Structures are given as C-alpha cells and as structure tokens.
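Reader: Hi! I'm new to this one, could you walk me through it?

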Amino acid sequence: MAAPPLWALPFLLLCAAFSSGVAHGVSGHGLGVNYGRVADDIPPPRRSVELLRAAGAGSVKIYDANPAVLRALAGTHMRVSIMVPNEIIPDIAASAAAADRWVADNLLPYYPETRVKFLLVGNEILSDYSIAKSTWPRLVPAMENLHRSLRAHRLSSVKIGTTLAMDALADGAFPRPPSAAAFRPDIADAVVRPLLHFLNGTNSYYFVDAYPYFVWAGNNLTVPLDYALFQGGACYVDPVTGLKYTNLLDEMLDAVAIAMAKLGYGRVKLAIAETGWPNGCDYDQIGGNVHNAAIYNRNLAIRMAKNPGTPLRPGAKMPVFVFSLYNEDLKPGPGTERHWGLYYANGTAAYEIDLTGRRPLSSYPPLPAPENNTPYKGPIWCVMSAAASKKLNETAVGNALSYACGQGNGTCDAIQPGRECFLPNTPAAHASYAFNSYWQQFRKIGATCYFNNLAEQTIKDPKWAMDPASSAAL
C-alpha cells in the first residue's frame, strides 16, 4: 500500500484520542428519534412522548421549538434538540437582539424542565441553492449570535450546530474511496471552514444526515444490501488509508470526517442528525419495506450501544437520531418520503424495536418477507389514491386537475367532452387520467405521483380511466 497522503497522517494519529472518549456521546441511553409532524391525524405530543419511551428512545429532535411538544417533554429526562427555521437565519445573523428574543421565546420558558441539549440552526440549508446568497453566508453569524445569547443566560451546556446533508460533499453521499472526500468548492472555504471553526471552538458537533438507503438504492448492482443493513458478508478497503469497512454508514461518516480534516478540522466531532430506512416506497423505487427498515434500525441500535466509532475514529461516541417517529403522509415527493416511521400515523408500531440496543435480535418475531428488493419492471400508473377517493375534497381535486392539465402538450385532451376518455364523467376518473398523463410525461425529469396527497402509484391497469397510450412501462 502506498504511504498515506500528508493530510491523513495527523488524522490517523487522532484515532487514539477518539478511542479514549474525547467525544461526549450517548452511552447508556437509546438512540434519538426525529419527531417530525408533517402529517395529519398523528397522536398528540403527550402520546407521542409515550411512544418514544416505549421504543426506548433516549433523546428526541424536533424541527422547530413547538411549545406543546416541549411541554410534553418536560420532566422526561430525554435530551432534546430544537431548531431555528431556515427562513429566520438572516434576521438572527443581523441582530443580536433578534437572537436574544428567539432564545427568550423558544428556549428559556421550557429549560431546564425540558432538557434541551442542542440548538440547531437551520435544516440542510446548504442543499437549497435558492437561498445561497440570502442565507448561506449568514449561517455562522447567526450561530455566533445565538451562542452569545446562551452564554449570557449561562446555558453553556446547550450546544449549537446545524444539520447538513451528504450533498455538502463534492461527490455526494457516496464518495468512494472515503479518502477522496472533500467539501463542494462552492461552500468549502466560504461556509464550511468558518462553520468548522465555530464548532471546534465551542466543542460542538457536525450534524450530518446520512442515509445508506439512498446510496444502496442508487448503486444496488454494486453495493450489497447486507452491507447497507449492517448484515456483514462484504467489506471495502480504502486504498489510500488502508482502513477496512464492514458497513456503508461507516464509509459515509468517515468521508465527512476526512473532508473536515482536509480543511484543517479533523478533531470536530460527528453527530448523526438523521438516518434510517423507509418501511415503504413507490413501485418505481426499491427496497423500502418493513423487513429492511426493521433490520437496519435494530442493527443500528445494537451497534451504537457499543460505541464502536468508525474505522477512522474507533470508539468515538456520537449522538444518533433515527428518522422518524411517524410515517408523515403530507410530505411531498416520492413514496419513500412518507414511509420512514417507527410508527404509523395511528400510533401502531410499524415493527418492534428497542432503541437501547439491549434486546437480542433473536427475540424479535418474524418479519414479513421483502417483495421489492429488486426493481419492478412492469407498467406503472399514477391514479387518485383510494383514501382520496373515499374522502373526496372536490376543491383540492379540482386544483390538482387544473395544474396537471395545464402542463405539457395535450395532457388532458382525451377527457374533454365528446373525446374517448370523457366517460365516466366523475372527478375521480378525470383526476386519475390527468395525474397519469402528467406523470408519464414528466417523471423522467423528477415529477412524482403525489399531487398533495391525492395520488398513488398502481400496477393494476385502470383501463376505465386511462388512455392506453399513457400507460407507459418503465
């Protein structure tokens, strides 16, 4: 093996430091859980806290500072992460008084009864290019103003961070080998270096959203599923560092750590802000099912309970938050977006899990066999969902119909009066035709079968509503 590059030498020497427990972790507690609420009819906060505890969660992360949620968490001893919305980051960066007001309104009324541990400033802002000029340069100034406010209130135990997706790296979520990882040139010096300087100076964490599911789904012909699910059976050796990897998550985490080292901040600690596996997906997606989701999260809990660190940082402890508490049915995008929950929206468990990692795998009941671990190759249609058809909202359907018909060329010509698909003349039939016609035209450039939760994919040919010319196969 060739000698490691100069940037790697000090980082390899740091392994012993992380092994000795330099990072403050979550030993003795269960994994954290992301408590998102982009859904209707989910249980109220107090019941949600009961479900968190039933799963063995040791901490919880929310995407705002919702008063009802923070009150429900009071006295539970769970470590809590709250979040400053992306849209107010510029205001907080521009004004120390605005930072003080935010802390006074959203943290002080609940602390210390609610054990706030992390104050996260924004969510994946470096993935949103529409706010590159307005918000990216103001991220660290906002964090600095909030830090000064916390110090003024003697709240030094509350650490400030921000969550970043893997696309902060130049090669995205799968830079292989990990030793090749580096931050994107548009943000490396302008945003990430000042961010790392702040995190290093305040002994805080770099919070990363790391999803092996997406890496595997996009590379399933070359990345074994068992490797992504912590099931063993494969390994990868980085040709530069010589480090051996037995699972995909470790590769992703070390890629981030190496990118930080290349900017001179190899000692900044890592936290996993989001990870998990979807319990369902659309027909044109792969591997989102209860079987895989249960295996991933159960193995993750058992693994993290042992504080293994990573090959580059053995023994390093890190906060870990599973995504998510519930299936969130109002999240737009492909089907996976609505199927990450430990629980369904009615509060029933998607599968049994012990987030403390103490329950042996052999004690769990059998899981349903996975049916979509290989791509579906038949025809797929996009139609009005069964739920939307049963509870018809004519205004919402009319708006979605108007949108779909207004896109593309001749999208809805066949359902005009007197045309071949006008009958049956019902909102559901016309909406199904319009949804499918739109989706078949634009799916290759990112269109999804969602339509504000009105649509779903089907593999059953809806001949009563469709023009056969629109039923294109994959």
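Author: Happy to; we'll go through salt bridges, disulfides, a strand and one glutamine.

Author: This is a predicted model, so local features need pLDDT of at least 70 and side-chain atom pairs count only at pLDDT 80 or more, while totals for chains, interfaces and linings use all residues. Residues are numbered from 1 along each chain as its sequence is written, and side-chain values use heavy atoms, with hydrogens and water left out.

Reader: Thanks! How many salt bridges does the structure hold?

Author: The structure holds 11 salt bridges. The term stands for a side-chain nitrogen of Lys or Arg within 4 Å of a carboxyl oxygen of Asp or Glu. In general, side chains of opposite charge can pair when their charged atoms come close.

Reader: Which residue does Arg 176 meet in a salt bridge?

Author: Arg 176 meets Glu 251, with 2.5 Å from N to O. The pair links distant parts of the chain, 75 residues apart: Arg 176 is in the loop between β5 (159–165) and α8 (188–201), and Glu 251 is in helix α11 (residues 248–262). Helices (H or I, at least four residues) and strands (E, at least two) are DSSP runs, numbered from the N terminus.

Reader: And is Glu 251 buried or exposed?

Author: Glu 251 is buried, at 2% relative accessibility, whereas Arg 176 is partly exposed at 34%. Here buried means under 20% relative accessible area, exposed means over 50%, and partly exposed is in between (1.4 Å probe, protein chains only).

Reader: What about Lys 331, which residue is its salt-bridge partner?

Author: That partner is Glu 337, and the closest N and O atoms are 3.8 Å apart. Lys 331 is buried, with a relative accessible area of 17%, while Glu 337 is partly exposed at 25%. Another salt bridge joins Arg 359 to Glu 352, the closest N and O atoms being 2.9 Å apart. Arg 359 is partly exposed at 25% relative accessibility, and Glu 352 is partly exposed at 37%.

Reader: Switching topic: how many disulfides are there?

Author: There are two disulfides, a disulfide being a pair of cysteine sulfur atoms within 2.5 Å.

Reader: Where in the chain are Cys 382 and Cys 449?

Author: They form a disulfide, with the sulfur atoms of Cys 382 and Cys 449 2.1 Å apart. This pair links distant parts of the chain: Cys 382 sits in strand β11 (residues 381–384) and Cys 449 in the loop between α15 (427–442) and β12 (455–458), 67 residues apart. Cys 382 is buried at 0% relative accessibility, and Cys 449 is buried at 2%.

Reader: Is the link of Cys 382 and Cys 449 right-handed or left-handed?

Author: The link of Cys 382 and Cys 449 is right-handed, with 90° about the S-S bond. The disulfide of Cys 405 and Cys 412 is left-handed, because the torsion about its S-S bond is about -85°. In that disulfide the S to S distance is 2.0 Å. Cys 405 is partly exposed at 31% relative accessibility, and Cys 412 is buried at 4%.

Reader: What's the pairing if I number the bonded cysteines in sequence order?

Author: The pairing is 1-4, 2-3. Cys 281 is in no disulfide; the nearest cysteine sulfur, that of Cys 449, is 13 Å away.

Reader: Okay, strands now. How many residues of strand β9 are buried?

Author: Seven of the seven residues of strand β9 (residues 269–275) are buried, so this strand is largely enclosed by the rest of the structure.

Reader: Which strands run alongside β9 in parallel?

Author: Strand β6 (residues 205–209) runs parallel to β9, joined by five bridges, and Tyr 205 stands opposite Lys 269 in β9. Strand β10 (residues 320–323) also pairs with β9 in the parallel sense, over two bridges, with Ile 272 opposite Val 320 in β10. Two strands pair if DSSP finds at least two bridges between them.

Reader: Last one: where is Gln 457 found, and what does its side chain reach?

Author: Gln 457 is in strand β12 and is buried, with a relative accessible area of 9%. Its side chain reaches the backbone nitrogen of Tyr 283 at 2.8 Å.

Key: A polar contact is a pair of N or O atoms within 3.5 Å; within protein, one must be able to donate a hydrogen and the other to accept it, and residues adjacent in sequence count only if both atoms are side-chain atoms.
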